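Here is a short report on the model shown below.

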Amino acid sequence: MTPLLSVRDLHVGFGRDPAAHEIVRGVSFDLDAGETLAIVGESGSGKSVTALSINRLIDFGGGRITRGAIDLRRADGGVIDLAAAPERALTKIRGGEIGMIFQEPMTSLNPVLTIGEQIEESFRLHRGLTGRQATAAAKDALDRVRIPDAARRLKYTPHQLSGGMLQRVMIATALSCNPRLLIADEPTTALDVTVQAQIMALLAELKRETGMAMIFITHDIGLVAGIADKVMVMQAGEAVEQGALDAVLDTPQHPYTRHLLGAVPHFEAGRAARSDYRRPEPPVAPPALTVEGLTVRFPVTGGLLRRRTGNVHAVDGVDFDLMPGETLAIVGESGSGKSTTARAILGLVQPTRGAFAANANTRESGNRAPVQMVFQNPYASLNPRLRVDSILAEPVIAAGGRLSAETTARMTMLLERVGLPLDSLQRYPHEFSGGQRQRLCIARALMLNPSVVVLDEAVSALDVSVQAKVLELLVDLQKEFGLAYLFVSHDMAVVERIAHRIAVLYAGQIVEIGDARSVLSAPRHSYTKQLIAAVPSIDRRHETFALDLRQVPSLIRPLGFEPEEAAWQRFGADHLARAEG
Amino acid sequence: MNYLTRRLVTFPLVMLGVSILVFVSIRLVPGDAITAMLGTEAGLLTPDQRAALEAYFGIDQGWLVQYGRWLAGALQGDLGISVTYGKPVLDVILERFPLTLELALLSMAIALLVGLPAGVFAATRNERSSDLVVRILAMIGQSTPNFVVGLLIIFVLSVGFGVLPVMGTFTPFFENPLQNLGQMILPAITLGFAFAASVTRISRSAMLDVLSEDYVRTARSKGVPALGVIWRHALPNALIPVVTLSGVEFGYLLGGAVIVEQIFALPGLGRMVLDAILQRDYALVQGSVLFIALNFMIVNLIVDLTYALLDPRIRLGDR
């Protein structure tokens, strides 16, 4: 029997002369009904372009298929070449026979239409349902993706739902007409790790139920392991390796596949934790940063006179200390308060209560601002109109200093340390790659010789191989300057590689804190366990996640509410977990 | 307090501010009502006669007293007597307003009916020759002064087709709709021309932004046909800037369109205000500016309420 989808020598180009600007250069693969193919590669490898070519959405993004065939076996047994099909035939196939879900659920649903209207539309277009029938079908579709209270949610508009919920709605829409092929373009990249696990579990379950085939695009090889039958690795527009899942992961043939597998930080449950530092007991130096009872609340107002009716307890009584040369990772999901904690320490939000004190770096002199920060997005955090020398001078000027020969000397020294060429000073940010920009941000953070650097998801936006190098750089700089890092991240595999200690934040409170190896290998709090179980990894390739529909508790509390005093249980020398009721 | 009430509370405050501004600025212009009315003959008045006239029009006291008197009257709905028309100010304004309102509504209708489809069309033909044609036309429309457009229309009709626009006494719409529209259509086209050009440009750029949004791609991935993508998924998201622009333009038009009224000999608010200023008809200027300001605020409020209708993310109560 012919395969469901057969792609032969696909070439896709962009611009006025697509044949001269090819992004995909000769990709071929087959996909049988019910099979899952994972396409893996870094940004710019052409994996998304390949996916968008299959349902020809690439036409709307300025791309053109210049050569090759995409043969789809249709439900009636006929075969159609999608690469040459007219737009009219394609609108029947899109949504009807090929469904698609995207990376950003928050922006992929129309903000002005209700969830119900958007799901019903598929039934109207492909099943000819109208009115009450369409509504009933939409409700069933939401039930199928396990959205509780589906009938009521139909009337919601997208901004009223969380990212995880929206991705379920996207899946419900894409699967509404039982397509025989689902294209999933990085469907969990924008989601928290536990939500990601939920979506992956859901996709696996729906695949079993419907017997559909799937093309799953991702940059995360660890994620592939849980769901794919076959893997195709792409680099610079070509498929450098493809084969069965186990074969590609266990015995990679192509050097780039080996490089990717080596660069991806695999989560190893604490076995890969750093061992270059031990907390001196008793402490020999004063801590670089101490935080006591840090509390940040945002007012909630309501009623006729906009009176304060309650508070959002974003951060609720967080304590920790940070020694020079030590990395404390703060992990948790979006809304857990990890970024708010970081921002409070920098004075970017006003804490409601609590104290923190940072001590100057003792290793070097001339310290003017003990805490500095590196942000997540290196593209947005450098002013595009300033040259690098002005960017690096900025913190010095902001701290009331003057530009001197010393400043310039420090700039060149730091540029050399972060591995950028010396002529960078005369250039503008757009002349650098994402990884290089993040190096610039790090150099900027070190200009004032801080004792503590807050790294808020500082490597999350980078490709894996770049990520690994930036992490290496951070470790080197830490040793050289005796820096203390407060490393805020959602990525457990990255955290395992950089952290000495880990604090797990849940609903604004620390639920577990301690030595990284100990926390990761033997988590004690139920939330930490759940978080660690959700981390995808190559070793766990044949495990399945159970669907869990528990909701994160609301952080809105009535006025005057104070959380109970935490009761801590001690597990070993440096490992505390909050006692659970 | 809900959004509407909170907005309405600000109305009297704004009106008070506007009234003070107008009151002071019109009096800073040299000259007075009686000289403006009687010309050189004003010099022949005896002091007693002049004083009597001044007392009649309420301009015999200091500014503060005048303002206090005017405000007390205004609060009871009495905006004073117009010197030039010898009638209550409100009556003079309300006589002119229907024409101005109709003209504004017609121009906006023309602008939206022409501009919106043109802008949407141009956006979907981005960078192709048809897009270029629309963009050039829009640029011409925006940069041509409306007296040129008005005179051109009259010229083409009279020389080219031997038809003269219906001038003469203005016929209100409810008396004779056909005759009324015959009088109104050319001035409405004249005003609508530039208005349509602005709508075209703004709807084109808004549509271009929206068409590159993720949810438009999602709609296409669902198999929504091209027209459905444009009208159902993209356009509602692109309407907010169009509504903003239309609201502002419409608000201006409610203040009258002096030049077009003059060209087509229409008795609208614009010419009336201009005459009132030239005649130093203080009461009429104050009353009409206040009226125009009120209109503007109402239009703004409607625009804001429309936002909430268009985009469920905009919740007017929560601010």
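Predicted model: local features only at pLDDT ≥ 70, side-chain atom pairs only at ≥ 80, totals over all residues.

**A helix and its cover**

In chain A, helix 13 covers residues 388–398, and its buried residues are Val388(A), Ile391(A), Leu392(A), Ala393(A) and Val396(A). An α-helix has 3.6 residues a turn, so residues three or four places apart point the same way. The buried positions of helix 13 of chain A include Val388(A), Ile391(A) and Leu392(A). What packs over them? The cover of the buried residues of helix 13 of chain A includes helix 14 (405–417) and helix 15 (434–446) of chain A. After helix 13 of chain A comes Gly400(A), with a positive phi near 85°.

**The eight-stranded sheet**

Chain A holds an open sheet of 8 strands. Their order is 15-16-17-13-18-19-22-21, and the pairing is mixed. Strand 15 (371–374) and strand 21 (568–570) of chain A are the edges, and each pairs on one side only. From one strand to the next, the twist averages 20°.

Strands of a sheet pair through backbone hydrogen bonds, either parallel or antiparallel. How do strand 18 and strand 19 of chain A run, parallel or antiparallel? Strand 18 (residues 501–506) and strand 19 (residues 509–515) of chain A are antiparallel, joined by 6 bridges. Leu505(A) has Ile510(A) as its bridge partner in strand 19 of chain A.

**Two domains in chain A**

Chain A splits into domain 1 (5–263) and domain 2 (289–578). Their C-alpha centres lie 33 Å apart. The contact between them uses 24 residues from domain 1 of chain A and 23 residues from domain 2 of chain A. On the domain 1 side, helix 8 (193–210), helix 9 (221–227) and helix 11 (255–263) of chain A each supply at least two residues. Helix 8 of chain A gives the largest share, 9 residues. By class, this side of domain 1 of chain A has 13 nonpolar, 8 polar and 3 charged residues.

An unreviewed UniProt entry carries the annotation "domain: ABC transporter" for residues 7–261 and 289–532 of chain A. Over residues 7–261 of chain A, the chain is 40% helix and 25% strand. The end C-alpha atoms of that stretch are 26 Å apart.

**Chain B**

Chain B has 13 helices and 0 strands. Its C-alpha trace spans about 85 × 60 × 35 Å along the principal axes. Chain B has 319 residues, and 35% of them are buried. Take the contacts in chain B between residues at least 6 apart in sequence: 73% join residues at least 24 apart.

The domain assignment gives chain B a domain 1 (3–75) and a domain 2 (89–310). Their centres, taken over C-alpha atoms, are separated by 33 Å. Here 16 residues of domain 1 of chain B are in contact with 12 residues of domain 2 of chain B. Helix 1 (3–28) and helix 2 (33–38) of chain B are the elements that give two or more residues to the domain 1 side. Helix 1 of chain B provides the largest share, 9 residues. That side of domain 1 of chain B counts 12 nonpolar, 2 polar and 2 charged residues.

For chain B, an unreviewed UniProt entry lists "transmembrane region" at residues 7–29, 103–123, 144–164, 184–203 and 282–303.

**Where the chains meet**

How many residues of chain A are in contact with chain B? The count is 25 residues of chain A, against 20 residues of chain B. On the chain A side, helix 2 (87–93), helix 3 (105–108) and helix 4 (115–127) of chain A each supply at least two residues. The largest share, 4 residues, comes from helix 4 of chain A. The side of chain A that touches chain B has 9 nonpolar, 12 polar and 4 charged residues.

Note on methods. Residues numbered from 1 in each chain as written. Chains lettered and ligands numbered in written order. Pairing = 2+ DSSP bridges. Axes fitted to C-alpha atoms, helices over the stretch in contact; angles between N-to-C directions. UniProt positions renumbered as here; feature names shortened; annotations may be inferred. Domains from an automatic or database assignment. Contact = placed C-beta atoms within 7 Å. Nonpolar A, V, L, I, M, F, W, Y, C, P; charged D, E, K, R; others polar. Buried ≥ 20, exposed ≤ 12 C-beta atoms within 10 Å, placed from the backbone.
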